[in-house]
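Open the model in your viewer and keep the sequence panel beside it.

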Amino acid sequence: MIVQRLKLDVSTDMELAEKYYSILSAINNLHLTEREIQLIAFTAIKGNITYANVREEFCKTYKSTSPTINNIVSKLKKIGVFIKENGKVKVNPIISIDFKKDLMLDIRLVHEEANINVGEGVDHQEDGN
């Protein structure tokens, strides 16, 4: 087995979240757009994308529109990235982590035939730091 360690310094929680969801998208062949990744990261950090003030903040920050958010939310719910819980649209807890903490990923690419979706193969653990 080949082991390769990569280290990337990020300056904000949002940047860390965007990198994380970009990696998940690439590994799981989700083909998420930059705007979709931004919305997932933003939603993970804010807790949900349901309330008007949160949507307005996203639109201001990323120069987007409410209809664009609605379209992305619909797509992400279909593929299981977003869920609706207690009336709120949020990131699936399987892939939602605390981006205030440093993150270490253990990604193993093995020679087997396997279809991995967003939830499969993700083991969410915190080390207590």
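Helices here are DSSP runs of H or I with at least four residues, strands are runs of E with at least two, and both are numbered from the N terminus. This is a predicted model: local features need pLDDT of at least 70, side-chain atom pairs count only at pLDDT 80 or more, and totals for chains, interfaces and linings use all residues. Residues are numbered from 1 along each chain as its sequence is written, and side-chain values use heavy atoms, with hydrogens and water left out.

**Whole chain**

Start with a cartoon view. The protein has four helices and two strands, in the order α-α-α-α-β-β. Of its 129 residues, 30% are buried (under 20% relative accessible area; exposed is over 50%, partly exposed in between; 1.4 Å probe, protein chains only). Contacts are heavy atoms within 4.5 Å. Among those between residues at least 6 apart in sequence, 57% join residues at least 24 apart.

**Helix H3**

Select residues 52-62, which form helix H3. Which of its residues are buried? They are Val54, Arg55, Phe58, Cys59 and Tyr62. Look down the axis of H3: these residues fall within an arc of 140°, so they line one face of the helix. The arc is taken from the directions from the helix axis to the C-beta atoms. An α-helix has 3.6 residues a turn, so residues three or four places apart point the same way.

Turn to the other side of H3. Asn53, Glu56 and Lys60 are exposed there.

Then step past the end of H3 to Lys63, where phi is positive, near 50°.

**Aromatic pairs**

Rings of Phe, Tyr and Trp (its six-membered ring) pair if their centres lie within 6.5 Å; planes under 30 degrees apart are stacked, over 60 edge-to-face, and the rest tilted. The count is six aromatic pairs.

Phe42 sits in helix H2 and Phe58 in helix H3, so the pair ties together parts 16 residues apart in sequence. Phe42 is buried at 2% relative accessibility, and Phe58 is buried at 0%.

Phe42 and Tyr62 form an edge-to-face pair, 6.4 Å centre to centre with 90° between the planes. This pair links helix H2 and helix H3 across 20 residues. Tyr62 is buried, at 13% relative accessibility.

Last stop: select Tyr20, Tyr21 and Phe99, which form one aromatic cluster.
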